[in-house]
Amino acid sequence: MELYLYLALFSPLAGSLIAALFGARPKTLFTGVVTSALLGLSLVSSTILLFYILGGGAAVHVEMMTWMATGDLYIPFGFLVDQVSVTMMMVVTVVSTVVHVYSIGYMDHDKSFNRFFAWLSAFVFSMMVLVMSDNFAGLFIGWEGVGLCSWALIGFWYHKESAIWAANEAFIMNRIADLGMLIGLFLIYWNVGSLQYDRFFEAVVTLDQSVLVMIGIFLFIGAMGKSAQFPLHTWLADAMEGPTPVSALIHAATMVTAGVYLVVRANPLYEMIPEVGYFVASLGAFVAMFAASMALVNRDMKRIIAYSTLSQLGYMFVAAGLGAYWVALFHLMAHAFFKALLFLGAGNVMHAMSDELDPFKMGGLKKVMKGTWIMMTLASVALAGIWPLAGFFSKDLILEVAFVEHHYVLYTVLLLTAMLTAFYSFRLVALIFHGEERYKEYGSHPHEAYTFMLIAMSPLALLAVIAGFAFKGSYIDMVTAVLPATEYHVHSPVVFWIMVIGTQLLVGAAIAYAYKKYQNAKIDKAFEQRPCYKVLFNQYYIPHFYEEYISKPYRELSHVAWKQLDLRVVDATVDGIATLFYKTGEQTHTMQNGNLSTMLRWMVAGTVLLLALGVAFTVGISVVAG
Amino acid sequence: MEITLTHYLILSTLLFAIGLIGVMRRTNLLMLFFATEILLNAVNIGFAAISRYYGDLTGQMFAFFVIAIAASEVAVGLGLLIVWFKRSGGIDLTTMTSMKG
Amino acid sequence: MMFDNILSILVFFPALAALLGFVVEKGSIRAYGIAVAAVEFALSLVLWYAYDPSVVGMQFMESIPLVPAFGIHYLVGIDGISLFIIVLATFFTLIGIASLGEVSRLKDMILTLLFLEMTMVGVFVALDAVVFYVFWELSLVPMLYIIGAWGGPLRIYASIKFFLYTFTGSLVMLVGMLFMAYFYHQATGVWSFSILEWYRLVLPENFQIWLFVAFFFGFAIKVPMFPFHTWLPYAHGQAPTIGSVILAAILLKMGTYAFVRFSLPMFPDASVFFMVPIAVISIIMIIYTAMVAYAQEDIKQVVAYSSVSHMGVIVLGTFALNVEGISGSVFLMIAHGVVSGALFMLVGVYYDRRHTKLLSEMGGLASVMPHYATIFGIMVMASVGLPLTINFVGEFLSLLGFYKQSHILTLLAGTAIIVGAIYMLAAFKKAFFGTVTNEANRGLKDVNGRELFALIPLVLVTVWLGVYPKPVLEPINNSVESIVSLMHEKAITQEAKMRIPNPSQQEAASGGSH
């Protein structure tokens, strides 16, 4: 099995390096093909590992070589394939293979085609390191690696100022969170003496509660950055500057779920500190609602989907925070499939509309883009959580978890959010695909994407439909071998059915309302003047706040530090001391006017001074001595 | 009244003060030499007096030594003075500023 | 044995070659310089090969009495700490000479560099305080000459500032050394300037504190630590590329190296006493200079200030006073040498083409010079401390080590990874991204073979030691362990004993977990 582990891990790296060799050259199709093929290899290896684990095989654990060893610190490159990581590996390889193949079509006309594939495969490699590592340091390698690739891919079109700005914002915000994570690692090391997962989880029971809380908080700060939780969430929407396949792979399916993965992976820790878990869940519920509300009015197709991702990440954190780790992971998987599908569909639309992002300028596209329409609708249905698609099984489960654990506030928030989700998803679908063909006013000539792109997307569509009912049973059997196997059942069947059907009805109503309202949407000027619209449209003025009160003061302070402090105070002091000597010399050199009389007088004065000092010193000594 | 060591030392000090003032105030090079001689001889008186007081001949030896040095100093000094007079036509100190810093 | 005199050969070969170089013809001086530097580099690799990491203590020692009456010896030797800085010095001299562009008075430049190489190697092999001091001061001369003769318009000001500043510091250090020798004489009745002898001396705490301060001045100005850092931006701003490269890669390391070589083992109690103030200074260095770097308009100054910021992490790691932190900081000395040297070289590549270093003149270079942008990008990422690059290993270990001493201070120092990313990415964005706005940039040639010859090895080292730091980290670790256990033994106060963990005990307690 080790061979498959290495194959799954390193074939994306190989693909990336091959593509990187041609990075600066004009488009060569084979880079796309080779990287996709190598990813396919990685997918096959992961699948073999999955079946091996499903068949009851023991977790595969290898230690490749030493990374860092000094003092008592020993960090190897160690990799672990167990029930949790194999799930993540499947998600990563499936989505990334689809995205790679899709990108061959999507990036067809881009002159930096090769560079794109180099970075995309490098991302997959980093993500695999992240999920497969057997220690926190290895996780951190992947963590930073995906950050780097995300930076490079958001800023892929580097001639665009906004893209680079978004890339740097993402990188720096993640760095802020990474500091928290680093501190978490330091805490673990100095309390446990090792960064290996198994050593840490064994030691968890013996550690102080306060230490555990600190570790839990700092690790979660790391997770907040990568998973774009409030208040570090602004980068995710801005990250939509990157090419759409990147948004699908990195900013929907995989990288942003790394935070959830971290909490799931560290479940023995969070089991011990339910208060931190409750905070995680509350923040998750808040973000779910908060992000969904911003998606309601936004007029940028990709940003709407990004907010939706944010909101779903909130759901996952609710589950993880409440101790339902397997539920969180299940939603992570289901979400990866339908959200990636949604993004790829949006990519098709963008292509068709020559990179237009405002759904109000589209409408009626279902006639020309039938395949895309079907897939995006499927994805939206799945996202809304309609039975029997994937979203129903995973999202309803989270609602049940909140209910069963008696967190009724969280439950209510999540229920409301579910309605909002359905509303904004179908607002988008209605605006893009239904109603009048408004795009004609803007002179667009939409066309369907290449057929092979649609075929590439179809596995995701299939998974979005069946992942729920087909995989749930075997999935639960598998992951509960390592995750706490709590079952979440509402005890009274009546309550259960009321909840399920009630939720379905509410969601259905939201969908219907969205269709009705936006099928023939005109831009409603009066509505746009309302304060609540403005607040939502401007993302609660949070980016504005960051710019005004953090970025700008930092810039100004930097300038002050340089011009005023460094040059005027620190350096000027040094120069001042030098000038002091120089000036003293300049002033006193008149003493040496060459006149012998003057010199003699100075000589006498000096002698007298020295004599006086000598006398004073002697007297002083004798006085002190008594 | 007996003349004690104190009187000698007072004389020495007075002569030294006169010499010092001469050194500081005089601008004529020749007068400067005179003042220097007074300084040296003030010290010599001190040496001789203390030597007598302690009954130790070293002080008097030193006084002779100083006289010898003073003589040679005057010899060299006057030689330089004459050269300087030949070159510049005067021996006023205020004109000698070639060592200006 | 063939390695008996290898250190002396390593020290004096470049100087002798430089003297011989005066008779070499102008046309062949470049080849001569490269050949000499290559031989020297090969010698240092042989040294690395012959070095036995399992041996505790100094290796390849040589001792020749110079002034026996005062116990001054020509005493040299290396351990894991100095070994790699020596290799780094010879490596950078080689690629520095090889990558020299068209400079005026090429012969003088190459001979100066060879002379500088002698002083650099000399500082790191010296085990006698007087010999150390001589090389330490001698290293100023060629650098002064390089800045003063080949520098920019403000070169005289910059070089004098550099010289006087560091010279003042080292005079205070010299006083400290003399006092130390005096104390040694008082305690043992014999004179000795041997550092190894000094190690054995247990000083009372108040003596330690005074001596620590005296040494600190010399080292801190060299590092340079806040607020003594202002000579550095001028020196870098005016120095030619090669001067900045050597200055950043090697000369600054003398200060931090000297902390590890002198301050820690000689004054363990004073080190504990000054740990918090020095950590605070380090944090000021990290954050404050990072902010200053962010405000710069000249890309070379960005790199210059970033050096100060990174040196803050190195000093912090040194004063972690445990094996993890000190090993990390020594490793970071190497790492920072490689990365900042490479960055200065990269700035030089653009400067050679356009004779400007202003960020406002750049912009959109990624599309004009893709290979240049790629290499620059790798180095920027190494500089911000991305895992699997050389810098991360050092930064991670330094911060990890210091975390044992103080949580809050480490948290503050850890902002290095944030502020570092801010100024580096901002500068990288201004220089390389966006569209080409400056017509003068449009026809620029990408990096040429000569430049690649210098840059590719640096990239390889950056990645290699980031992925597999063991060959370097292990010898460092072993030498640091012996220093830390020495400190633990020598410590007088209870607090110092507690703050400086004994590595051998630690290992025994954890039961040889690996």
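Trainee: At what angle do helix 3 and helix 10 of chain A pack, and how far apart are their axes?

Mentor: In this predicted model, helix 3 (residues 83–106) and helix 10 (residues 244–253) of chain A pack at about 165 degrees, and their axes are 9 Å apart.

Trainee: Why is helix 3 of chain A called roughly antiparallel to helix 10 of chain A?

Mentor: Set the angle against the cut-off. Angles over 145 degrees count as roughly antiparallel. The angle here is about 165 degrees, so helix 3 of chain A is roughly antiparallel to helix 10 of chain A. The crossing of these two helices is right-handed.

Trainee: Which residues make that contact?

Mentor: From helix 3 of chain A come V91(A), V95(A), S96(A), V99(A), Y102(A), S103(A) and Y106(A), while helix 10 of chain A brings T244(A), P245(A), A248(A), L249(A) and A253(A). By class, the contact of helix 3 with helix 10 of chain A has nine nonpolar, three polar and no charged residues.

Trainee: What makes helix 6 of chain A roughly antiparallel to helix 8 of chain A?

Mentor: The axes of helix 6 (residues 161–192) and helix 8 (residues 209–226) of chain A come within 7 Å and cross at roughly 155 degrees. Because the cut-off is over 145 degrees, helix 6 of chain A counts as roughly antiparallel to helix 8 of chain A. Here the crossing is left-handed.

Trainee: Why is helix 17 of chain A described as largely enclosed by the rest of the structure?

Mentor: Because 14 of the 15 residues of helix 17 of chain A are buried. Just after helix 17 of chain A, H406(A) has a positive phi of about 65 degrees.

Trainee: What does chain A look like overall, in helices, strands and buried residues?

Mentor: Chain A has 24 helices and two strands. Its C-alpha atoms fill a box of roughly 110 × 65 × 50 Å along the principal axes. Of its 626 residues, 54% count as buried.

Trainee: Let's move to chain C. Why is S159(C) called buried?

Mentor: The cut-off for buried is 20 or more other C-beta atoms within 10 Å. S159(C) has 25 C-beta neighbours inside 10 Å, so S159(C) counts as buried. This residue lies in helix 7 (residues 155–188) of chain C. Leaving out residues up to four places away in sequence, S159(C) touches L144(C), I147(C), G148(C) and G151(C).

Trainee: What makes L196(C) partly exposed?

Mentor: L196(C) has 15 other C-beta atoms within 10 Å. A residue is exposed at 12 or fewer and buried at 20 or more, so the count for L196(C) makes it partly exposed. L196(C) lies in helix 8 (residues 195–200) of chain C. Apart from residues up to four places away in sequence, L196(C) touches M58(C) and L127(C).

Trainee: How do you know that helix 4 of chain C is mostly covered?

Mentor: Of the 20 residues of helix 4 of chain C, 17 are buried. Its length agrees with expectation too: helix 4 (residues 106–125) of chain C should span 28 Å at 1.5 Å a residue, and its end C-alpha atoms are 29 Å apart.

Trainee: Which pair of chains shares the most contacts?

Mentor: Chains A and C, of the two pairs in contact. Between them, 50 residues of chain C are in contact with 42 residues of chain A. The side of chain C that touches chain A has 28 nonpolar, 17 polar and five charged residues.

Trainee: And how many residues of chain A are in contact with chain B?

Mentor: Ten residues of chain A are in contact with twelve of chain B. No contact joins chain B and chain C, and their closest C-alpha atoms lie 24 Å apart.

Technical notes
Residues are numbered from 1 along each chain as its sequence is written. Chains are lettered from A and ligands numbered from 1 in the order in which they are written. This is a predicted model: local features need pLDDT of at least 70, side-chain atom pairs count only at pLDDT 80 or more; totals for chains, interfaces and linings use all residues. Helices (H or I, at least four residues) and strands (E, at least two) are DSSP runs, numbered from the N terminus. Two residues are in contact if their C-beta atoms, placed from the backbone, lie within 7 Å. Ala, Val, Leu, Ile, Met, Phe, Trp, Tyr, Cys and Pro count as nonpolar, Asp, Glu, Lys and Arg as charged, and the others, Gly among them, as polar. Axes are lines fitted to C-alpha atoms, for helices over the stretch in contact, and angles run from 0 to 180 degrees between N-to-C directions. Angles under 35 degrees count as roughly parallel, over 145 as roughly antiparallel, 65 to 115 as roughly perpendicular and the rest as oblique. A crossing is left-handed if the near helix is turned anticlockwise from the far one by less than a right angle, and right-handed if clockwise. The expected span of a helix is 1.5 Å times one less than its number of residues.
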